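Please read it alongside the sequence and the structure shown here.

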Amino acid sequence: MTLRPSRSLRDDLALGGRITAMRLGGLALALRGDPVARLMHKPWRYDPYPTYAAVRGEGLARSRVGLSAVGTHALCEQVLRDRRFGVRLADGRPPFAPEDAESSLLEPVDLSLLGMDPPDHTRLRRLAAPTFTPKRLERYRTVAEEITGRLLDDAAARGRFDLVRDLAAPLPITVIARLLAIPSVDADRFARWGRALATALDGVRSVAHAHELSRTTAEARELFTDLVDRRRADPGEDVVSQLVGALDAGQMSLDELVSLAQLLLVAGFETTTNLVGNAVRALQATPGQWEALVADPSLAGGAVEETLRYDPPVQLTARIAHEDTELAGVPFRRNWGVLVLVAAAGRDPAAHPDPDRFDLHRVPTTPHLAFSGGAHYCLGAALARLEGEVALRMLAERVPGLRRAGRVVPKTATILRGPRTFPVAA
Ligand code: HEM
């Protein structure tokens, strides 16, 4: 009798083989100096800034990985704003079309707006945007201050604490839980999912990772579907309550609302955690900067903007050409993909004088692209700025003697950059 592997086992084996082949192929290219492959592989991805400089120098950096990359401020901004570029293939299919179970596992998380092109993107964004105006988000300032105060009291009382575990991670997760009115009983699960789903942005690493993402996304969708029912019955001031009207009016589907809620968790959690982590890291590593903030905590907003330029939480995004065009003076074909290295744009000397110097007093000459640009400009930018400003200001006020107290361990991601652990002493 011959034993035939089951369909799901066959899919897993095929996926495992595909991931391993992609990884080994990428590593070989990275060793040969391919810039895009280097961004995805150790050790280069721990310090991507030399690779970014190389990409800027090339204009349009071609890669054998199958994607090109741009890194100057001008080219990044051009691609982000150009309506001939989108996030799907020209015919509207997602980049990894789920034709078979194996490739659907490669893209297990529906990223809502981030994965949509017009007209669906325009429709959904119009419905969601009014709930994210700076004025509406300003009401979360008191929430952010309350949480930060409580977290800092607990952490500072211990003398030593971990900046990420004890402040930078719980702050945004609590704010998003409030934004979506997640009951406190679910908050721990919510944080676990947020961490797991954020890893989807960098792509699937292994078969086990693909299954973890599928499981997490199924669980999260169950909670969000339940949340929609609860808010329908008992509306509040939260984002879901505000969008239920559009759902009932047939302007968006339940699936779209659930995916949008999930996107808020993915987009608003690790990003803001990294903002606080990268800011404190740069302030501590650059002589005189932490002391300047302690002397004048109202500089916290400037420190947030400088971090977004100097070492942004989201380092890059990607676009696909929807028609044959030209980029940096060379032909660029329909359905070709390009990485838009917004972190490289922040260090472009043509846009920012003395770009490798972190300076919280900097008066920007060009706006940074850390929140992207064009149609997908970050919907939560005002909230991220608010949380970052509160965290840095209150840290400087309440823990003025803060100093690094151990090795800062980086996360092993390409797109989201920030510390995984950051031991500090009060
Ligand atoms: C420092 C923190 C943050 C950074 C650096 C950041 C960065 C970004 C970037 C770069 C994009 C666009 C990606 C692209 O063009 O492909 C984006 C989109 C988005 N962000 Fe943020 N984000 C942050 C915080 C937040 C927060 C707190 C929320 C909400 C709670 C949020 C919600 C969104 C949403 C909904 C989108 C999708 C917009 C669209 O596709 O139309 N983000 N963010």
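Two strands are said to pair if DSSP finds at least two bridges between them. Within this pair, alanine 318 stands opposite leucine 339 of strand 8. Strand 5 also runs antiparallel to strand 3 (residues 85–86), to which two bridges join it; here phenylalanine 85 has alanine 321 as its bridge partner, and glycine 86 has isoleucine 320.

These strands belong to an open sheet of five strands, in the order 1-2-8-5-3 and with mixed pairing. Strand 1 (60–61) and strand 3 are the edge strands, each pairing on one side only. Helix 4 (residues 73–81) packs on the sheet and touches strand 2 (67–70), strand 3, strand 5 and strand 8, contact meaning heavy atoms within 4.5 Å. The direction of helix 4 makes about 125° with that of strand 8; axes are lines fitted to C-alpha atoms, for helices over the stretch in contact, and angles run from 0 to 180 degrees between N-to-C directions.

Strand 9 pairs with strand 12 (residues 423–425) over two bridges in the antiparallel sense, and arginine 404 stands opposite valine 424 in strand 12.

Helix 12 (residues 207–233) packs against helix 14 (residues 254–268) at an angle of about 115°, with the axes 9 Å apart. The two helices are therefore roughly perpendicular to each other, on a scale where angles under 35 degrees count as roughly parallel, over 145 as roughly antiparallel, 65 to 115 as roughly perpendicular and the rest as oblique. Thr217, Ala220, Arg221, Phe224, Thr225 and Val228 in helix 12 meet residues of helix 14 that include Leu254, Asp255, Leu257 and Val258. By class, the contact of helix 12 with helix 14 has eight nonpolar, four polar and two charged residues, with Ala, Val, Leu, Ile, Met, Phe, Trp, Tyr, Cys and Pro counted as nonpolar, Asp, Glu, Lys and Arg as charged, and the others, Gly among them, as polar.

Helix 10 (residues 170–179) and helix 19 have axes that come within 11 Å and cross at roughly 135°, which makes helix 10 oblique to helix 19. Leu171, Pro172, Val175 and Leu179 of helix 10 make the contact with Leu383, Glu387 and Ala391 of helix 19. These residues divide into six nonpolar, no polar and one charged.

## The iron atom

The iron atom of the ligand has a single donor from the protein, Cys378 (SG), 2.3 Å away. Donors are N, O and S atoms within 2.8 Å of the metal (3.2 Å for Na, K and Ca), and sites may look incomplete, as water is not among the atoms. Cysteine 378 is found in the loop between helix 18 (342–346) and helix 19 (381–398).

## Basis of the values

Residues are numbered from 1 along each chain as its sequence is written, and side-chain values use heavy atoms, with hydrogens and water left out. In this predicted model, local features need pLDDT of at least 70 and side-chain atom pairs count only at pLDDT 80 or more, whereas totals for chains, interfaces and linings use all residues.

How values were computed
Helices (H or I, at least four residues) and strands (E, at least two) are DSSP runs, numbered from the N terminus.
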